[in-house]
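Please look through the sequence and the structure shown below before reading on. The paragraphs that follow lead through selected features one after another.

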Amino acid sequence: MDEIDVKSVLNEKTTVLNVPPFANKDELFDRLSTVLFDAGCITSKEKYLESLNFRENEGPTCMGGGIAIPHGKCVEVIKPAVCVCKTTDKFKYESFQESDDVDLIFMLAIPGSDNTNMHIKMLAALARMLVHEDVVKKLRNANTFADVLDAFSNND
Amino acid sequence: MFVVGVTSCAFGVAHTYMAAEAIQKACKSKGYEVKVETQGALGIENELTMDEIKRADLIVFANDVGLTKASRFDGFKDKIREFGPHAVIKNPDCIFEK
């Protein structure tokens, strides 16, 4: 997993740093879906939201440590992406009978028809990195897109 | 100590790989040898061999969908511990708790 791969799913347009905490998960989903739509990653916000909520009904996407990884997979995703969001304070994220106070959100947009697996590989690699405290710490201190890239460039 | 693991999850994108990484991290921090097979959207990766399964002191399943090639583990029930991938990600050290 080298830096160039990380960069291909990260995008300055889908990086939302230091925003005020959201009132709830729905507000978060709505906002980040708009970001993905505006960045040209999805063609329908409504369908993407549907796929996010479908996933939410399968199991929790709050991963502990203030991190949430909601993910939507549908044919309306035309460009695989990760929307990286950091809020200035934690807010309550309720997900499948669990609840966690989160401030780092990585919303995955996965194309419904995936023939190459290339982007799944990248998303999987990103998910692996989030297990490491040093990566998370860098992300939590990130103020610019370059900081986010730097955090994800660091792997062992 | 040699720990092997198998992880999987419904979508096969996030939890499978996070749980695998969490198991590796927990084992490495204790100085244990570790190998984790992932059964995710990419199919089986880092597949465990019969030798490794036999040699393992602890077999960790972190799955919430059925495992592929589960018959490899027949006969080793006494050293298998089962968890959900979510539990392992939130508290990796749970795999060592008695």
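Where in chain A is Gln97(A) placed? Gln97(A) belongs to the loop between strand S5 (81-95) and S6 of chain A; here helices (H or I, at least four residues) and strands (E, at least two) are DSSP runs, numbered from the N terminus. This is a predicted model, in which local features need pLDDT of at least 70 and side-chain atom pairs count only at pLDDT 80 or more, while totals for chains, interfaces and linings use all residues. Residues are numbered from 1 along each chain as its sequence is written, chains are lettered from A and ligands numbered from 1 in the order in which they are written, and side-chain values use heavy atoms, with hydrogens and water left out.

The backbone of Gln97(A) has a phi near 65°, a positive value in a residue other than glycine. Gln97(A) has a relative accessible area of 77% and is therefore exposed. The terms are set as follows: buried means under 20% relative accessible area, exposed over 50%, and partly exposed in between (1.4 Å probe, protein chains only). Asn46(B) sits in the loop between strand S3 (43-45) and helix H2 (50-55) of chain B, and its relative accessibility of 41% makes it partly exposed.

Asp38(A) takes the discussion to a helix, H2 (residues 25-38) of chain A. Because its relative accessible area is 61%, Asp38(A) counts as exposed. Between Asp38(A) and Lys13(A) there are 8.3 Å in space, C-alpha to C-alpha, and the two are 25 residues apart in sequence.

The aromatic rings come next. A pair of aromatic rings is described by the distance of the centres and the angle of the planes. Rings of Phe, Tyr and Trp (its six-membered ring) pair if their centres lie within 6.5 Å; planes under 30 degrees apart count as stacked, over 60 as edge-to-face and the rest as tilted. By this rule there are 5 aromatic pairs over all chains. One of them joins Phe106(A) and Phe152(A), which are edge-to-face at 6.1 Å centre to centre, with 80° between the planes. This pair links distant parts of the chain, as Phe106(A) is in strand S6 (residues 98-111) and Phe152(A) in helix H6 (residues 145-153) of chain A, 46 residues apart. Both Phe106(A) and Phe152(A) are buried. In chain B, the ring centres of Phe61(B) and Phe73(B) are 4.9 Å apart and the planes stand at 80°, so this pair is edge-to-face. Phe61(B) and Phe73(B) are both buried.

Finally, how many residues does each chain bring to the contact of chain B and chain A? Chain B brings 18 residues and chain A brings 24, where contact means heavy atoms within 4.5 Å. The count between chain B and chain A is 3 salt bridges, a salt bridge being a side-chain nitrogen of Lys or Arg within 4 Å of a carboxyl oxygen of Asp or Glu. Glu21(B) forms a salt bridge with Arg128(A), with the closest N and O atoms 2.8 Å apart. On the side of chain B that touches chain A, helix H1 (15-29) and helix H3 (85-90) of chain B each supply at least two residues. H1(B) gives the most to this side, with 8 residues.
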